[in-house]
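Good morning, and thank you for coming. Please look at the sequence and the model on the screen while I describe them.

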Amino acid sequence: MTETRPPRPRRMSWSGDAVQDRLRRLNLMTVMPPLLLVGVLLVVFSSKTWWHVVIQVIGLLAATATAERWTAGDFIRTARPSLVLTAFVWFAGALSNCAMAFYGLSMVGSFLIPPLPRHRFAALVGFAVLTGAIGSTNLLLHQDHLGARVLGYVVTPAVGSALSTLLMFASQRLYDLVAELEESREKEAELAVVRERVRFASELHDIQGHTLHVVKLKVALAEKLLHRDLERAQEELREVHTLVGDTIVQTKELAYAQRRLNLSAELENAKNLFEAAGIHVRIDRQAVVHSGVDELLGQVLRETTTNILRHAQARQVRITLTEAGISIVNDGVADGAALVLSGLSTLADRLADQGGELTVEQKDGRFVTAAAFPEKVSR
């Protein structure tokens, strides 16, 4: 069953945010002055009696109130009663020979129609017809100069209302684009927060997951040595104490974004762990590792070391370093065994973001983890 999402509002609220407040002030400066200027000029030059002045001022005030609320994104409650009021103003103007009294109605309609979620074109046509129909009441009372009256009270108001509304459609499209950009910015910010949380969780797993597994191995070893070699058991426990202390420091560094992995230190740590577990390890340094990839390769080595100690029954491990990457091969995987990636899948994404590639494969009882950054070296 397809889920139906409600249509997105065509008008966003510009209040409550610094950017939105600036946009509202900009809209006030661009919309209000021309609206008031044209309205005042019409009142001054098209009014023949005090009654014309009154009805045009009422229409202008209703249009101004609608425009002010429109810039704030909260105008529906004002626009609807204003539409009714300006319609009566235009009706009174048509009956009293005030041809420009339709101005307030055309302005209110131009603000009200473009934000509609659907049927905007039909509303535009209906609005133009309504404006012309109200103006046609002038023809019922006055039969002289019929052509001029049709032009002045029916055609001109209908076309003028339609044109003013069409101009507002362009402005509405601009506001929709701004709303979409604002929504995209918020989603990007949320996504950045999620990415940072995932990164932090992964880093924390690298530190504490690795340490806890090593502590487990060393405590088990110390327990076996307790009755055979007390001095060696005490040494293992001292190393556990040191390891836990280092982990606390690394966790604090991670919390303050100061943690950096050292590949040489990780190599020495991996060698000691493998030897403590009875695994023969061989390290081949074919070249000096590029400084820009040192930390990521250290993460790959740490995660792979943890995986070998946890999941494999390895007897030999070979670590090969090149200028562009690292390769770790162990013989502890049987043919047909399930490929366990664990934290390596997350590392693959990190390497890809930095232009690297992580390869994990098993063949003939060997498990190979390789990370390479060819682009770093070629620069």
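This is a predicted model: local features need pLDDT of at least 70, side-chain atom pairs count only at pLDDT 80 or more; totals for chains, interfaces and linings use all residues.

How far apart do the end C-alpha atoms of residues 121-141 lie? They lie 32 Å apart, and this span is 95% helix and 0% strand. Here helices (H or I, at least four residues) and strands (E, at least two) are DSSP runs, numbered from the N terminus.

Residues are numbered from 1 along each chain as its sequence is written, and side-chain values use heavy atoms, with hydrogens and water left out.

The span 121-141 is one of those that the unreviewed UniProt entry annotates as "transmembrane region"; the others are 26-45, 51-71, 83-109 and 150-170. Such annotations may be inferred rather than shown by experiment. Residues 26-45 are 100% helix and 0% strand, with end C-alpha atoms 29 Å apart.

Let us turn to the sheet. Strands of a sheet pair through backbone hydrogen bonds, either parallel or antiparallel. In this model, 5 strands form an open sheet with mixed pairing, in the order β1-β2-β3-β5-β4; two strands count as paired if DSSP finds at least two bridges between them. At the edges are β1 (280-285) and β4 (357-363), each of which pairs on one side only.

β1 pairs with β2 (residues 316-321) in the parallel sense, over 6 bridges. Within this pair, D284 stands opposite T320, and I283 is opposite I319.

Finally, what is the size of the largest nonpolar core? It has 35 residues, and those with the most contacts inside it are F274, V317, I319 and I326. Such a core is a set of buried Ala, Val, Leu, Ile, Met, Phe, Trp, Tyr and Cys residues joined through side-chain atoms within 4.5 Å, where buried means under 20% relative accessible area with a 1.4 Å probe, protein chains only. Helix α10 gives the largest share of this core, 6 residues. Beyond its neighbours within four places in sequence, F274 is in contact (heavy atoms within 4.5 Å) with residues including I279, V281, V317 and I319. Another core, of 16 residues, lies apart from the largest one and includes A67, A79, Y103 and F111.

Methods. Buried means under 20% relative accessible area, exposed over 50%, partly exposed in between (1.4 Å probe, protein chains only).
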